[in-house]
Amino acid sequence: MRGHGFLLANYVAGDSLVHRAPLALKFLLVFACGLASFVTVDWRMSLGMLGALCGLFLLSGAGPKRLWGAVRPLAAVLLVIGLFQWWQLGAPTAGRIVLNILVCVVAASLLTATTPVHKLLDGVVRAAGPFKRFGADPERFALTIGIMLRSIPYIAGTFADVRDSARARGLERNPRALVLPVFITSVAFARQTGEALAARGLGEADDEAED
Amino acid sequence: MSNTETAATKTPHAGRRRWNATDLGLIAVFAALVAASALVPGLAVNGFGVPITFQTLAVMLTGLVLGPGRGFAAVGLYVLLGLAGLPIFSQGRSGLGILAGPSAGYIIAFPIAAGIVGWLATVVIRRTIKARALWLFLSATVTSVVVVHSLGIAGIVLNTKATWGQAFLSDVVFYPGDIIKNVLAALIAVALHRAFPDILVRRVKRTAPQPAQA
Amino acid sequence: MPNVTFDQAAVTVPVDHLPEPKVLLDGVNLQLTERRVGVIGANGSGKSTFLRLVNGLVQPSSGRVLVDGADTVRSVRAVRRTVGFVFTDPLSQLVMPTGREDVELSLRRSVKNGAERRRQAEDALDRLGLLHLADQSIYELSGGERQLVALAAVLAVEPAVLVLDEPSTLLDLRNRELLRRTLAGLDQQIIMSTHDLDMALDMDRVLVIDQGKVVFDGAAAPAVAAYRALCLASLDAQEAQP
Amino acid sequence: MPNVTFDQAAVTVPVDHLPEPKVLLDGVNLQLTERRVGVIGANGSGKSTFLRLVNGLVQPSSGRVLVDGADTVRSVRAVRRTVGFVFTDPLSQLVMPTGREDVELSLRRSVKNGAERRRQAEDALDRLGLLHLADQSIYELSGGERQLVALAAVLAVEPAVLVLDEPSTLLDLRNRELLRRTLAGLDQQIIMSTHDLDMALDMDRVLVIDQGKVVFDGAAAPAVAAYRALCLASLDAQEAQP
Ligand SMILES: Nc1ncnc2c1ncn2[C@@H]1O[C@H](COP(=O)(O)OP(=O)(O)OP(=O)(O)O)[C@@H](O)[C@H]1O
Ligand SMILES: Nc1ncnc2c1ncn2[C@@H]1O[C@H](COP(=O)(O)OP(=O)(O)OP(=O)(O)O)[C@@H](O)[C@H]1O
Ligand SMILES: O=C(O)CCCC[C@@H]1SC[C@@H]2NC(=O)N[C@@H]21
Ligand SMILES: [Mg+2]
Ligand SMILES: [Mg+2]
């Protein structure tokens, strides 16, 4: 679980059109998809968008497995929402809602699957540049985002690991042994990551600069 | 060598302490925790399509464990990335459009709530050893009523054509769940403070003054 | 002694970017009835996968694994009652904030009375000389102290089969000796992987695993010799390469 | 060689359930200028604390630690540029999904240009013979490969001092030998803790730490002998007790 693209597909090296597209453009696409999902009124339009995005994703060479990997964690949620909305608002609306969510997920994965992490960080650093004068530190901001993106699959992974260690001791029915460790391991992971960065001189505030 | 020069610039506790790498790690991971909590399917939905979610648990826990500054930053980062297009709002939604929807008030309230409950937690941790869980629970519940639910209701009224009364009634359904989640958040927070005693109130003090010269 | 049987057990996992699934363990056929069984082999050879099969943490993709006749897939719960498991990384095993709480958690299933549980937990910690660290956060223990606490948590419940995945990696000379003596004093069956070849030499039977296959199975001394030969061969191969 | 100076450095931490703060390290006075310094001692004696002082991951509660004259508290950034740190578990150190990205992360601070960074990262991986693994997920690497990738990420920024906390514990025979050879080929000053006494014997100077104090400081062979004696004494004391 740990190493897998969860919600966001992992980067796949490549030289496709999507890989070479400027980061700003890809981000704009993600952003637009987020907006569009509130504007589209017809499920057929959503379906069209989803189809186009999936096409782009496959064009990038990242493969259908990765695409499915990113979407899979949401499958249960989407099924529940879909059925519930169908019952409440009818099939077309339910379809639109579910498709719109998929559009957002695939768009975000398209960005992460075709952009190496350091380019993403460079992009954030550039975007946050103007806030420097208000005391922001773009480099550290970008680093934090980088760690967060990496932590989502990690946390999902700890669920599995914790279940393993509870099972190994025959405690798989003990809610305390299942819930608490997820949080404890996540915090431990956070501190470990922080220390690992600090040891490499990353992420610390400038001590030479104003303090 | 550089002693005289650095002595002047390094005043560790004057003014705001700057975050170190560990703080950044904590902010990032708690933001991720909130994101992960949004994906746990929220079954019931109130009249305006706002689901019951585990976000409130994660948001309160973030404040209770990280304190005001880092708590606000972590949940703020989560909201920012969600608005930017990462599918991490409830039910995998994302984007600026959410600000026009019925959840808008709740989402805006999240970082503020984390900040306030974080401040309360600092006070509780400094003052108490026993019954910490109870005080933390009370802090979370007061914050959730005063900040999350009131801003949430305001959001519903603003973004839908509902009256205050309708909005209030639709919000009330969340209370039982939120209270249970706050109990959990408080219990987990107490355990986390035991596992990581220096996470919020820094215990390590520099005892002896620095020798001026070697 | 209990009887751990591998019946054509194989483990394969699909890997994202490979067309074929990866073979972690390849059709293992064995009956383990000795009191002390050692498992040695290179990093990534499949030792942990092998051990995890014994208590059902990993399920065979084909074939079966039986502990005293109970299938690790169909009767997981029975198997887990018989088999205790110690992870290499103590932090992936310790789930409570302090050592005491963690050992007590282990005992929850077998000891219902709270006071008695507490007594037994302290006992277990004391046997490894850890009582003074019982209430310290596990994140503030040193690496070796943590590994001992993890061991205490599993030893406390006295399982009939004890599976240990490299239990001595973080231990110092003294605690390694303590672990050796502790294990020597136990009546349970022990199945243990280790990179510490001295420890392997104590075993009644040693398996050498290489690339998912059991390539040697026999007495300790020749097994260790076989493993050393394997290592040297691969080092020489690498030397020759560039 | 760089000069690492401990000037009455002590580390104490308050522990919740204890009335007195705990002493982790007790007024250490040392100058380390040798090329290879080993640190050995029992579990919980204070080795990791000692090593962490060198790059400011732990701050002295009193006294000072200087690296080439720079104080580890007042000039952390300068110190961290000079001192690279390798943790026991490479997975806790590698923060990016692939080796290449992790090494590039290391270089972020010093190299602003993306293409140049990429080139230097490949260089760093190539120097340890790891280029062919650059794009593999770190979870799919073997233990030894992972440890070497972690080392490459630290070496990429060319630190003058390399601190390693038990780098070989998770490694098999072959990878241990590989790590040894790699370390032997480096120009940096190396300060390393280890429970592997063979590895300690390679060092130019070895410190034995016991209960927060440096109880021996000298050549490798007598240091290892002193440590063995210490262990035996404490084991005998325990035997005698019950
Ligand atoms: N879920 C998985 N998916 C893909 N590969 C895996 C998975 N689990 C293990 N592996 C791979 O299977 C091989 C065997 O792993 P295993 O953990 O059993 O090795 P090991 O002998 O215990 O090694 P070590 O001595 O380093 O602990 C390794 O190459 C590992 O990378
Ligand atoms: N933050 C802390 N709070 C309280 N005690 C601590 C803390 N950190 C470490 N200790 C204690 O300090 C002692 C020294 O720890 P340290 O990690 O330096 O030992 P070590 O020599 O590296 O041991 P090992 O060989 O097991 O890694 C241990 O007894 C540990 O329990
Ligand atoms: O769409 C979102 O991401 C936000 C959903 C907000 C849900 C609110 S938070 C307070 C209240 N308690 C719940 O369980 N759900 C609502
Ligand atoms: Mg293993
Ligand atoms: Mg240590």
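Ala, Val, Leu, Ile, Met, Phe, Trp, Tyr, Cys and Pro count as nonpolar, Asp, Glu, Lys and Arg as charged, and the others, Gly among them, as polar. With those classes, the shell around ligand 2 divides into 5 nonpolar, 11 polar and 5 charged residues.

Some ground rules next. This is a predicted model, in which local features need pLDDT of at least 70, side-chain atom pairs count only at pLDDT 80 or more, and totals for chains, interfaces and linings use all residues. Residues are numbered from 1 along each chain as its sequence is written, chains are lettered from A and ligands numbered from 1 in the order in which they are written, and side-chain values use heavy atoms, with hydrogens and water left out.

Back to ligand 2. Where does ligand 2 lie? Ligand 2 sits between chains C and D. There are 21 residues around ligand 2, and C:Ser142, C:Glu145, D:Lys47, D:Ser48 and D:Thr49 come nearest; a residue is near a molecule if one of its heavy atoms lies within 4 Å of it.

Now its polar contacts, meaning pairs of N or O atoms within 3.5 Å; within protein, one must be able to donate a hydrogen and the other to accept it, and residues adjacent in sequence count only if both atoms are side-chain atoms. From chain C, an N or O atom in the side chain of C:Glu145 is 2.7 Å from an oxygen atom of ligand 2, and a polar backbone atom of C:Glu140 is 3.1 Å from a nitrogen atom of the ligand. From chain D, a backbone N or O atom of D:Gly44 lies 2.8 Å from an oxygen atom of ligand 2. On its own ligand 2 has 640 Å² of accessible area, and the protein covers 89% of that. Accessible areas come from the Shrake-Rupley method with a 1.4 Å probe; for residues, only the protein chains shown count as cover.

At least two shell residues each come from α5 (143-155) of chain C and from β2 (22-32) and α1 (47-54) of chain D. Helices (H or I, at least four residues) and strands (E, at least two) are DSSP runs, numbered from the N terminus.

On to ligand 1. It has 13 residues around it, with C:Asn43, C:Gly44, C:Lys47, C:Ser48 and C:Thr49 nearest. A polar side-chain atom of C:Ser48 lies 2.6 Å from an oxygen atom of ligand 1, and for the side chain of C:Glu166 the distance from an N or O atom to a ligand oxygen is 3.3 Å. Taken alone, ligand 1 exposes 640 Å², of which the protein buries 69%. The largest share of its shell, 3 residues, comes from α1(C). By class, that shell has 3 nonpolar, 7 polar and 3 charged residues.

Last, aromatic pairs. Rings of Phe, Tyr and Trp (its six-membered ring) pair if their centres lie within 6.5 Å; planes under 30 degrees apart count as stacked, over 60 as edge-to-face and the rest as tilted. How many aromatic pairs does the structure hold over all chains? The count is 10. D:Phe6 and D:Phe50 are stacked, because their ring centres are 4.5 Å apart and their planes at 5°. D:Phe6 is in strand β1 (residues 4-13) and D:Phe50 in helix α1 of chain D, 44 residues apart. D:Phe6 is buried at 1% relative accessible area, and D:Phe50 is buried at 0%; buried means under 20%, exposed over 50%, partly exposed in between (1.4 Å probe, protein chains only).
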